[in-house]
Amino acid sequence: MASPGWAVALMLFQLFHSEIALPFPNVSLVASPITPGESTQSVLCPLKISPSTVVVRFGDSVKANCSIQRMGYFGIGWEVPLNPPNFTSQGFVVWSVEKMTDWTIKPVCFALSEQGGQCYSNLTLIVYKPPDRVSITFLNHSESLFEGERYTLQCHVTEVAPAENVLVTFYRGEKMLAQMYSNTSSEKKPVTQSFTLNIVSSKEDTEAQYWCEAKLELGPEGPQHLPVMASQRLFAPKLSCPVELKVTEGERFPCEVTGNPQPSVTWFKNGQIVAPPSHLNKKDAGNYTIQAKGLFPKNFTVEVKILPARGTTNSCCGHFLLLVLLTQMITHV
């Protein structure tokens, strides 16, 4: 039953029939008699919120309209901490915020019955934020992988919200290995989460790349083309030059070994450890063996051939011809 204070407020409202600002009342819901063709839910609270679900990026604007669908209610309003509109006797009330700054907000539209009760309807509001970064590693393992051994991939998603809407996909090359959602977090504020996948290394992995991606699945009401954020790719050592290398004398040595994680590389020439040459000369010609320890251990062999510097032979010929020409000119003087 409504309190005497609410009875006075109702009388004043009916007398002046104007907008008044009221707090959200603590009165039990009052139902009207059910007429044929009406559902119990619509009779109990004939409020309509449009849209019924709002998905908004943190910091963006948001707007929702609440309207009353039946007679017997003298006004409606919003119970919400951000920019609440005034209680009104009109058939609708709009709640709008220019900049959403609350991760856990739960807006409620309510209506007051002429009998002194209330009904209410909740707006489903999802506040989201894409991840700052996505990365991938092998969990508790920093050495090279070996065929047939079991390892654990870890995809690390940094500062994303809401965590329960994050879909993570693991890949080997372009082949999808697994997809998973978070099953541990219902936190609405941005969190950092790790997703793991057990794999067994195979021979094909020596040429493959491991990586993961994360995206927010926000339903049909949310943005449909949110960017997918991918991690860096883990791959075995690769040689950046051909195994038969021809380089002009004096040029820089264009050969290096890349990989992720960065491999440990040792160069050998004639069985001796050497530093890779920077600018090549004739003594640098020969066969090099490269040992690389990265995601997988690999060995490479490079045969280096040194070509004469451009213009060396032509320069000698040019000087000789110039000397002959000068001699002829002096003779004819």
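**View 1. The side chains of Q193 and S182 meet in a polar contact of 2.9 Å.** A polar contact is a pair of N or O atoms within 3.5 Å; within protein, one must be able to donate a hydrogen and the other to accept it, and residues adjacent in sequence count only if both atoms are side-chain atoms. The model is predicted: local features need pLDDT of at least 70, side-chain atom pairs count only at pLDDT 80 or more, and totals for chains, interfaces and linings use all residues. Residues are numbered from 1 along each chain as its sequence is written, and side-chain values use heavy atoms, with hydrogens and water left out. Q193 sits in strand β13, residues 191-200 (strands are DSSP runs of E, at least two residues, numbered from the N terminus). Q193 is buried at 12% relative accessible area (buried is under 20%, exposed over 50%, partly exposed in between; 1.4 Å probe, protein chains only).

View 2. The bond runs from S50 to P51, with omega near -5°. P51 lies in the loop between β1 (47-50) and β2 (53-57).

View 3. The loop holding P261 runs between β18 (257-260) and β19 (264-269).

**View 4. E159 has a positive phi of about 55°, although it is not a glycine.** E159 belongs to strand β10, residues 150-160. E159 is partly exposed, at 31% relative accessibility.

**View 5. N270, not a glycine, has a positive phi of about 55°.** N270 lies in the loop between β19 and β20 (272-274). N270 is exposed, with 69% relative accessible area.

Terms used:
Helix = DSSP H or I, 4+ residues; strand = E, 2+ residues; numbered from the N terminus.
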